[in-house]
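Reader: Walk me through this one, please, and say what stands behind each label as you go.

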Amino acid sequence: MLNEQAAQAVEADRNRELAELFGNLLPHVPTLLAHASAGIEAMPPARHHAGWHLLVSDLAHAADVAVRILEDHPTGHDSAARDARLWPYLRTWGEHDVLLRDLALQPTHPPRPGPRLTGEEQEWWTARARAARSRDLLQPQESRYDATGRQLTLALLPYPDEDEEVVLILAGDIDSPHMQVLGCYDTDDAAIRDLPPAVPPGVLFPEGHAPAPLAVPGLPLAQLTRDVIDAQHSASVAEAISYVTDRPPHAAAGHIAQLTEFLDTCATWAAALDTRAGHEIAVRLRVLSTQTGHLLQDLTRVGEQLEEAVAVLPPHRTPAPRHLPTPRPPAITTTPVAAAPAVSTTSAHRR
């Protein structure tokens, strides 16, 4: 009973704080929504724009309902019930406030195009970048999607047998045969200035039907699963994996190390029975413990690869609206996709 009352008190405090925050934001809501819609309209057409427009409409609907609730229940008149009614609509704003901000900050005028690589230059640098990637020499530094939905990666390409490097802007999956070099630069700053603005990345479950992790008290693995569901960058997933694989003395024992210790302890217990069955069970448990060691090595490497990938979820994985119905998608037809124009580039020279 006390736990239930405490949970209700925490929920009431949360609802009240959110209501106060939304009240402060309310005067700026129309401007935010208008700027977000204008930011989408200023972009070249892309398949995820319909989803973004629907999400902005969903936020506008949530704001309208929240305003009506606030008007119907002024402060001091059953505020707890009012805040509880507000919660679903404020939650929508809390989940998508960063996406709305990023859309509102999109430039409304396209940048002036600069010089481009010639066809021969692009082919030469692309071949060199692919060869370097095959030898694990290409070093991704940043990944983003531009307004057309094109994946762009900023990567370092070292010169052979030298301490110098060139900075490349790559288009497409860097492990795909269709990857192309768009620009070559002497410095990171020059390349970053030429990168098109990033658009908001996507989400793991666009429809919002994420599997609910087992909410076992004292089991942080459930929270790590939630962190992966909410992650948009590969580094966030790699960080979650590190909590599973870490071993002392560098950090508290990760989940696999704890599982290994658990299996070893169970094996010791079974062997202590001093029976034939007990010894057989102990052997099986020690085999399982050895397998967790291999799992630990493999998962550690996978985490490192995710960290090195420097990747984000594509923007077409747009979260579905929470309050408005999602329209049925049109029938898919195969149409040729025009090549996107290259970003402006400058010639690269050895430093």
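Reader: Which residue does leucine 157 stand opposite in β3?

Author: That's valine 166. Before we go on: this is a predicted model, where local features need pLDDT of at least 70 and side-chain atom pairs count only at pLDDT 80 or more, while totals for chains, interfaces and linings use all residues. Numbering starts from 1 along each chain as its sequence is written, and side-chain values use heavy atoms, with hydrogens and water left out.

Reader: What makes strand β2 and β3 a pair, and in which sense do they run?

Author: Strands pair if DSSP finds at least two bridges between them. β2 (residues 151-158) and β3 have seven bridges, in the antiparallel sense, so they pass that test. The strands themselves are DSSP E runs of at least two residues, helices are H or I runs of at least four, and both are numbered from the N terminus.

Reader: How many bridges link β3 and strand β4?

Author: Five, again antiparallel, with β4 covering residues 180-185. Leucine 170 faces valine 181 of β4, and leucine 168 has cysteine 184 as its bridge partner there.

Reader: Why is β3 called largely enclosed?

Author: Buried means under 20% relative accessible area, exposed means over 50%, and partly exposed lies in between (1.4 Å probe, protein chains only). Six of the seven residues of β3 (165-171) are buried, so the rest of the structure largely encloses this strand. β4 gets that description too, because five of its six residues are buried.

Reader: What is the order of the strands in the open sheet?

Author: The order is β1-β2-β3-β4, four strands with antiparallel pairing. β1 (139-145) and β4 are the edge strands, since each pairs on one side only. From one strand to the next the twist averages 25 degrees. Helix α5 (residues 119-134) packs on this sheet and touches β1, β2, β3 and β4, where contact means heavy atoms within 4.5 Å. The direction of α5 makes about 100 degrees with that of β4.

Reader: Why is the pair of tryptophan 124 and tryptophan 125 given the name it has?

Author: The count of aromatic pairs comes to one. Rings of Phe, Tyr and Trp (its six-membered ring) pair if their centres lie within 6.5 Å, with planes under 30 degrees apart called stacked, over 60 edge-to-face and the rest tilted. Here the ring centres of tryptophan 124 and tryptophan 125 are 4.9 Å apart and the planes stand at 90 degrees, so edge-to-face it is.

Reader: Is tryptophan 125 buried or exposed?

Author: Tryptophan 125 is buried, because its relative accessible area is 11%. Tryptophan 124, at 48%, counts as partly exposed.

Reader: How do the axes of helix α3 and helix α4 meet, at what distance and angle?

Author: α3 (residues 49-72) and α4 (residues 79-104) have axes that come within 9 Å and cross at roughly 145 degrees. Axes are lines fitted to C-alpha atoms, for helices over the stretch in contact, and angles run from 0 to 180 degrees between N-to-C directions. α3 passes α4 in a left-handed crossing; that label applies if the near helix is turned anticlockwise from the far one by less than a right angle, and clockwise would be right-handed.

Reader: What is the contact of α3 with α4 made of, by class?

Author: It has 17 nonpolar, two polar and three charged residues. Ala, Val, Leu, Ile, Met, Phe, Trp, Tyr, Cys and Pro count as nonpolar, Asp, Glu, Lys and Arg as charged, and the others, Gly among them, as polar. Trp52 and Asp58 are among the α3 residues, and α4 brings Arg82 and Trp93, among others.

Reader: What makes threonine 245 buried?

Author: Its relative accessible area is 9%, so threonine 245 falls in the buried class. This residue is found in helix α8 (residues 234-245). Setting aside residues up to four places away in sequence, threonine 245 touches Ile256, Leu296, Leu299 and Thr300.
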